[in-house]
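Hello,

Here is the structure I promised to pass on to you. Have a look at it first, and then read my notes below.

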Amino acid sequence: MQLFVGNCGNFIDYEQITFCIMNWIKKVFKGCAHKSSEGHYHGHYAEDRQFYAPSGSGDAWREHENEEIDRAIALSLLEESQKGRRVKDDKSQLEDDEQLARAIQESLNFEPPPQYENVNTYQPMPVHFPTGYRICAGCNTEIGCGRFLNCLSAFWHPECFRCHACNLPISDYEFSMSGNYRFHKSCYKEQYHPKCDVCNHFISTNPAGLIEYRAHPFWMQKYCPSHEHDGTPRCCSCERMEPHDTGYVALNDGRKLCLECLDSAVMDTKQCQPLYLDIQEFYESLDMKVEQQVPLLLVERQALNDAREGEKNGHYHMPETRGLCLSEEQTVSTIRRRPRLGTGNRSMDMITEPYKLTRRCDVTAILILYGLPRLLTGSILAHEMMHAWMRLQGFRTLSQDVEEGICQVLAHMWLLTQFDSASDSNGAWTSSSSSSSRLKKGKRSQLERKLGEFFKHQIESDASPVYGDGFRAGHQAVYKYGLRNTLEHIRMTGRFPH
């Protein structure tokens with residue numbers, strides 16, 4: 001962008017010239033009007049719009065000589081101003097000003113008025129304005145003399161060249177464009193340069209000059225690459241990084257929970273019992289009732305890891321186990337009373353108690369990690385309940401991808417029942433499905449629906465060969481053959497039908 005200043009020349013001299021010229025023109029037309037009122041009007045307007053007026057007496061001619069003197073003075077002032085004018089840098093501006101001077105001179109070059117039988121004939125010469133008049137691209141008015149901008153193939157008043165974001169004039173020598181919109185560089189950066197959702201700073205460029213950042217595949221949370229290594233905590237449920245201006249809740253076992261996930265978190269064993277009943281009803285609606293009463297316990301991370309070590313068999317989803325279906329007798333520490341939120345967003349005063357598991361059947365208990373949102377807790381519980389159902393039904397020992405895959409299918413199916421769209425998609429899964437569990441669910445909040453979509457996304461996009469590939473193979477089989485036929489095929493062959 002270049003800044004140009006229109007040259008008005010010697011402004012005071014031009015005012016004097018204009019004043020003299022206007023006086024002279026005024027006197028000419030005043031004399032014509034005055035004499036017309038005294039004499040007789042013999043003229044008319046022709047096609048070329050020539051004006052005819054009657055002549056005056058000898059006094060009128062003397063008055064005309066005075067007018068000629070005024071005209072000479074005006075020309076003299078014009079010539080003096082021409083000598084003092086500065087040479088312009090811009091060639092086009094010089095041509096415009098020269099045209100203006102010639103137009104003024106031509107407007108003064110009248111022929112002496114000839115006399116015809118007491119009639120003076122005047123033919124006013126039109127004033128030729130210089131070509132190339134500048135029209136402001138902002139307000140569409142003439143710019144005239146003074147400062148102006150020449151950029152983007154147009155002329156602008158300085159006050160009309162404005163930022164699209166803040167609507168203030170752009171007076172800098174550099175500015176930014178987005179489409180047809182102009183921006184201050186700072187406004188453009190504020191509007192288009194990505195900011196880190198963690199530290200709220202502009203994301204810096206890498207050595208190649210490119211903006212480099214990380215983004216969560218579901219939440220699209222953008223953050224600086226450095227936050228992956230500087231200890232910034234993530235929510236143990238939704239995986240979003242903790243923003244510096246928003247404190248996450250620190251659970252007793254070292255996990256962090258965001259405030260959105262905390263809103264529906266299941267925190268103790270007693271609070272989880274209604275959800276457990278809902279999962280049981282879901283299985284009954286599929287004609288897969290779990291006959292034995294299997295204890296459900298909510299535990300801390302360490303208790304879950306200890307119980308996993310006590311199991312002889314089983315495959316566990318890394319990097320963190322969130323649920324277990326136990327078959328061995330052991331003692332676990334369960335949460336009897338939920339913690340309360342203390343200072344610094346830390347949970348405190350949680351009460352745990354030991355619980356001894358006895359083997360009455362092939363399943364001794366189901367353990368779920370505490371502090372997770374209701375929908376995530378329910379999907380984990382539906383997964384572990386499928387483990388329990390197959391063991392109690394006498395299924396043979398299955399390969400990991402088949403057993404974990406079909407359990408993930410049931411977890412995914414339960415999540416579908418929690419939303420309005422479940423009635424449309426569940427029919428392909430099983431011919432005996434029921435809407436009883438859905439009818440008990442009210443409208444989910446927008447946030448909870450978003451979390452449910454994320455938990456479904458986690459199951460569907462899992463890249464592990466056991467849980468991810470196993471789910472996709474099981475999902476395809478159930479969609480094609482139905483849940484009952486798929487389970488019968490697994491019972492007989494230990495594989496998914498193709």
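**What I found**

Lys-195 counts as partly exposed, because its relative accessibility is 25% (buried means under 20% relative accessible area, exposed over 50%, and partly exposed in between, with a 1.4 Å probe and protein chains only). Its partner in a salt bridge is Glu-190, with the closest N and O atoms 3.1 Å apart; the term stands for a side-chain nitrogen of Lys or Arg within 4 Å of a carboxyl oxygen of Asp or Glu.

Before going further, please keep in mind that this is a predicted model, in which local features need pLDDT of at least 70, side-chain atom pairs count only at pLDDT 80 or more, and totals for chains, interfaces and linings use all residues. Residues are numbered from 1 along each chain as its sequence is written, and side-chain values use heavy atoms, with hydrogens and water left out.

The whole structure holds 11 salt bridges. One of them joins Lys-185 to Glu-174, with 3.3 Å between the closest N and O atoms. This pair links distant parts of the chain, 11 residues apart: Lys-185 sits in helix α4 (residues 185-192), while Glu-174 is in the loop between β5 (154-156) and β6 (176-178). Helices (H or I, at least four residues) and strands (E, at least two) are DSSP runs, numbered from the N terminus. Lys-185 is partly exposed, at 45% relative accessibility.

Lys-456 and Glu-453 also form a salt bridge, at 3.7 Å from N to O. They are separated by about one helical turn, because they lie 3 residues apart in helix α12 (residues 446-461). Lys-456 is buried, at 11% relative accessible area, whereas Glu-453 is partly exposed at 32%. Elsewhere, Glu-212, Arg-214 and Glu-228 belong to one network of salt bridges that share partners.

**The nonpolar cores**

A nonpolar core is a set of buried Ala, Val, Leu, Ile, Met, Phe, Trp, Tyr and Cys residues joined through side-chain atoms within 4.5 Å. The largest has 80 residues, and Leu-367, Met-386, Ile-406, Leu-410 and Leu-483 have the most contacts inside it. Helix α8 (residues 374-392) gives this core its largest share, 10 residues. Beyond its neighbours within four places in sequence, Leu-410 is in contact (heavy atoms within 4.5 Å) with Phe-282, Tyr-283, Leu-286, Ala-382, Met-386 and Leu-483. Another core of 10 residues lies apart from the largest one, and includes Ala-154, Trp-156, Phe-161 and Cys-187.

Best wishes
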